[in-house]
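Here are some notes on the model, set down as numbered points for a colleague to check against the coordinates.

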Amino acid sequence: MKAWFKEGEHWVWFSAASVSISVVLVVGLLLMISIRGLVHFWPHEVYDYQLQSENGQTEQIVGELHDTKLKEIKNSESGMIEKIPQFLMKVGNRDIYGIDFRWINTADIIGRQDRLDNGVTVIERFEYGNVYGHLQTIIQEGQVVAEQKQVLPMMHQLVEASQTLYQRINHIEKVTLGGINYQLEQLRLEQKKLQAEDQYDTEAESALNQQRDELNAEFREQQAVLKGLYSQLNRMGEVSLSLAGGQVIQVPFKSIVRFWQPNNMSVFEKTGFFFNSIGHFLFGEPREANTEGGVFPAIVGTITMVILMAIFVTPMGVIAAVYMSEYAKEGLVLKIVRISINNLAGVPSIVFGIFGLGFFVYIIGGSIDDLFYEYALPSPTFGTPALLWASLTMALLTLPVVIVSTQEGLSRIPTALREGGLALGATQSETIMKIVLPMSMPAIMTGLILAVARAAGEVAPLMLVGVVKLAPELPIDFNAPFIHLDRKFMHLGFHIYDVGFQSPNVEASQPLVYATSLLLVLIIVGLNLGAITIRNRLREKYKALGN
Amino acid sequence: MEQQTQKALDQALKGPRFEKRIKRRNLVDRSWASSISVGGVGVIFSVLLIMFFLVYVVAPLFVSAKVEPTKVYALPGSPQAQTLFYGMDEYKETAMRITDEGDLVGFTIEDGSLLKQDGLPLNGARITSFAKVSEKDNILAFGLSDGRLLLTQYDYDVSYQNNVRTIHPKLSYPFGKQGVELAEEAICQLAARVDDSQLVIVYRLEGQDEIQIRQFDKVESMFSDETVLEEYAAGQIPVTDSVEWLKLGGYMRNLYLVSKSGEANYYDIRNASTPIHLQTVQLVPDGQNIRSLNFLLGEYSLMVGTDDSRVLQWFPVRDEQNEFSLQLIRSFEVEGESVSFVGIEHNRKGFVTLDDSNQFNLFHSTAERHLASVNFSDPLTYIEMAPRGNGALVETASGQLHVLEIENEHPDVSFSSLWGEVWYEGYEAPDYVWQSSSASTDFEPKFSMVPLTFGTIKAAFYAMLFAVPIAVMAAIYTAFFMEGKARQTVKPAIELIEALPTVILGFLAGLWLAPYMESHLAGFFSILLVLPVGILLFGYGWSRLPEPIRLLVPTGQRAILMLPVVVILGWMALSMSGPIEHLFFNGDMRHWLTFNAGIDFDQRNALVIGFAMGFALIPTIFSVSEDAIYNVPSYLVNGSLALGASGWQTLVGVVLPTASPGIFSAIMLGFGRGIGETMIVLMASGNTPLMDGNLFQGMRTLSANLAVEMPEAEIYSSHYRVLFLSGLILFIFTFVLNTLAEVVRERMRRKYGSL
């Protein structure tokens, strides 16, 4: 035993265990996020419990089982502490019960067994969350049009029809009316601009007014169409359901997103539902203060910001890397450049945030407003956190990633290739442009991918320079100039922070936060794995070339 | 054929077109070279830009005030009369002078031309005493010779005609032009305070040796806009003639009767009918006298101007018995002589002094800064600061009025207020406090960097405590013992943590780990014991196994063997949580900590941060130290092994000493990352800016503070600049750590090169 210690075997075991601990933590974390994120999309079974409340009455609880916790309760007779499981049930029907979630004590359950509620229907609504209940009738204009067996097929039909209507409404509201509003706003700004330049005469006024009248006329026309669609929606009627405890509620078809009967679904149907849910999550609009619905605007915001950032960071990074490995001579300047890059990589991201806010937003943005958008002041155009500033800040933050990766790629290209180029009479710039850079393209791509992954996951600086909880408009749309650099945008990472910590209904929003986290982790891990693969391939290729 | 080719070549490589092409190509090449060099050096520029920009924003904090006398003109109104009050508008355009003869003189500050001349409705009486009732609302009280008290309010109208701003000063009478009839005799000393619901008047009548205290309720009149006063309590305090000043504090409870020789009697007059004498105290050292006395903004601190060229700040402090007593907080040296006048700023805790050497001095109390001084040729009698602190009116004994332009943006920040203990108003002792904003206007901002820096280091320290052992040990194993193939999967797997968005780690730490840890506290602590002991036992047990089994798993694959062991041990420790808490902590460790051990417990605490942020730091430390160990030349290792040392002995004796600079720089880099990490601490630390090393309490770090407060800070305010200062501190911190790490690594690279 003494020898075992003397040889340091115990340390070897400890160090082996450290590796295992790290791996277990990583894998555990990823597993946890994946499971919790994916479970959100799977149709939960709906249970039906009879509860004995303290005053001797029985109560029926219908809902999804979300969590179980052991709670220590002192037994009043024996004085012993007993651990009794508590169920966290999602009972839905927020408009009736006031809360979505309820803790129930399993000791109060009559019969003490899990009973699936046969034939229960879950309806996802645009407002007030889910409804759990049994279908009864469909009512149109005060008349019962379907009962019992007829209800389900008719409901499928009606919900599908209402979805189609919704798509049309959405298109008109978002694209057509949004476009008209945008043009009207541009006209207003043009008028202000002309007024500021003292060129607003009667001619300009009549021209502007004419355009405005045309737009207004079109607006009214579209509104009339919209009104027709809405009344069509209203005429679809409503479905009545009986809830736990016998209460009956009417759910109008216009407020239904979708519905399903989890307890009567086959595995195949459930899988279909699972992918359908993922679709809703990826392409849906957020509802109820971001705690329900999808994350489409956040995805669009993140992607737009990241692409813009890539456009800014690539030339900067590649030029710096080319300078370091092709032009600079070993010496003080190169040393300082290296130290600068290292420091740029080490500066806390929040410092980039305040730099972006103070320098880009207030100083540069403020000057742009003073020079070009003075007519719009005091409401700022670029002198406020916006997409442009966010992507510039992130470009600065990810610059070292691109430089380091590109430089590595450049250094792996055999000198013989460069010398060959020069020997054939090419100038240095031609050698770099035609031979070196094309060959190091994969390295540049690697750097870019890593930069994109970093920018997609970073939140702290974005909070200061352009990300908001809820952006009314997407940063890209169908109105010229299509990419709106002066708009604020939503971001997946900030979405997690905001919904997880600032939302009033933490329990209800948690599954969504896990799902968003999973999405973000998948994006980032995917990007990183991609970068690693490209890099490894590159290394192999140059190893062969070098030999 | 060959000749033809030669000819074609000659043609192509000669002549003006060829020359032109070569010239163009060379030009392109040269411009490329220079533009790329500019771009490359641009990286240095961007780092410098960040640093200089931070310094540029921070620098104005430490600039002294600029005071410039701009204009001087004859005193508007009667030069003989004594000035009681100057009212100034926010734009520094007009002012109103009120004299002891009851004259109201409105004039423009630009050139002193009269706007309006009027008189107070004295009805034949004289003004015998004067007091400011509300500094904020400019309410004034005049005690008259016929025993009436006249309350007026200074205000001004702003009107825009043809986009030109005109301002008219005015005086209103919120309690009626008649005044409040207090007595028949003249009121010779007076103090009064008013708030939303009541009015308190403290006064002394001519020839009487007692002070009267009267409290009134303010009742809105049903018929007009005026307020009616209803008296509800009254009392007296006997005094001697020596009392020179009556001073009533802002909350209407502290009354100070101060004599010239410096004796102050401190009364609690919350209940007017039974005033309580709390303390008799000498405000100035023996042999000195008080020349002037004034409240600082907020009417809490007494600023005492002595004839020994000093200003002393006193305010009531609560002791352990919950009793208040006046205490000397700080003293300010005025380089002149006897301090004849103390004037105050209306928007912050600054003050100005006039003294017998005709000097004007500008100070800030909290920051203990002397900001500026100006010499005048005439004796000075009165000073009034502009409402925004950007100007002042100074009256001289020779009947002149000087207008001063003051540029004094950030008097409230100094080295001592950022890094020293400061005794803030209402605090029991000097302390380090961060509290940057509040709803009230007479708020004293508390900009101590100490709790934030402490929180930053605390968070980073606990995170390092978790991360360093695991990361370094894992690096040792991966680089030294592990087989190449396994290493190629393990290394990226651990480095993957670095790519994980910290917002996700923060979310998990705050919403999942923190509550879980709270309910399994004992389990988490038992991991510290169970895991090492379990690993040791398992390892020793493994070495006792028969050889064929032992050889199944070579040293390089032990990590795989340990995977299930670690999981099982962790699970065991956590499931022991309940029984341990029953055995040792009466069933609930959290409860036990709070009530039996007296340790405060927050759900989001340093322990959670230690785990979560430590997890995030593992890849940084792991990756760099793994590289350092892996790059140790193999002939060193082989030599040691050949001489009969065991694997571990080789590692400790040969590899680690060689790789230690690399491991050191890895730890530096990890520490730097821990200092700057924002989202995890923001979401899982509770963000309370307290100085407490307790493992079970939260903290607020510099970075989280920036994330929380930056969006709300008004641009170019002191708060904004102080936040940039904390950004600069972070920048310098990480700059030093990174450069240090880089220098050490550079040196190591050279050393390996020579080996």
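1. In chain A, the C-alpha centres of domain 1 and domain 2 lie 39 Å apart. Chain A is divided into domain 1 (46–120), domain 2 (138–269) and domain 3 (300–546), with bounds that come from an automatic or database domain assignment.

2. This is a predicted model, in which local features need pLDDT of at least 70 and side-chain atom pairs count only at pLDDT 80 or more, while totals for chains, interfaces and linings use all residues. Residues are numbered from 1 along each chain as its sequence is written, and chains are lettered from A and ligands numbered from 1 in the order in which they are written.

3. Between these domains of chain A, 11 residues of domain 1 are in contact with 9 residues of domain 2 (contact: C-beta atoms, placed from the backbone, within 7 Å). On the side of domain 1 of chain A that touches domain 2, the largest share, 3 residues, comes from strand E2 (residues 58–74) of chain A. That side of domain 1 divides into 6 nonpolar, 4 polar and 1 charged residues (Ala, Val, Leu, Ile, Met, Phe, Trp, Tyr, Cys and Pro count as nonpolar, Asp, Glu, Lys and Arg as charged, and the others, Gly among them, as polar).

4. In chain B, 4 strands form an open antiparallel sheet in the order E15-E16-E17-E18 (strands are DSSP runs of E, at least two residues, numbered from the N terminus; two strands pair if DSSP finds at least two bridges between them). Strands E15 (243–248) and E18 (276–282) of chain B stand at the edges with a single partner strand each, so one side of each is left without a neighbour in the sheet.

5. Within that sheet, strand E16 (residues 254–259) of chain B pairs with strand E17 (residues 263–268) of chain B in the antiparallel sense over 5 bridges, and B:Asn254 stands opposite B:Asp268 in E17(B).

Terms used
Two residues are in contact if their C-beta atoms, placed from the backbone, lie within 7 Å.
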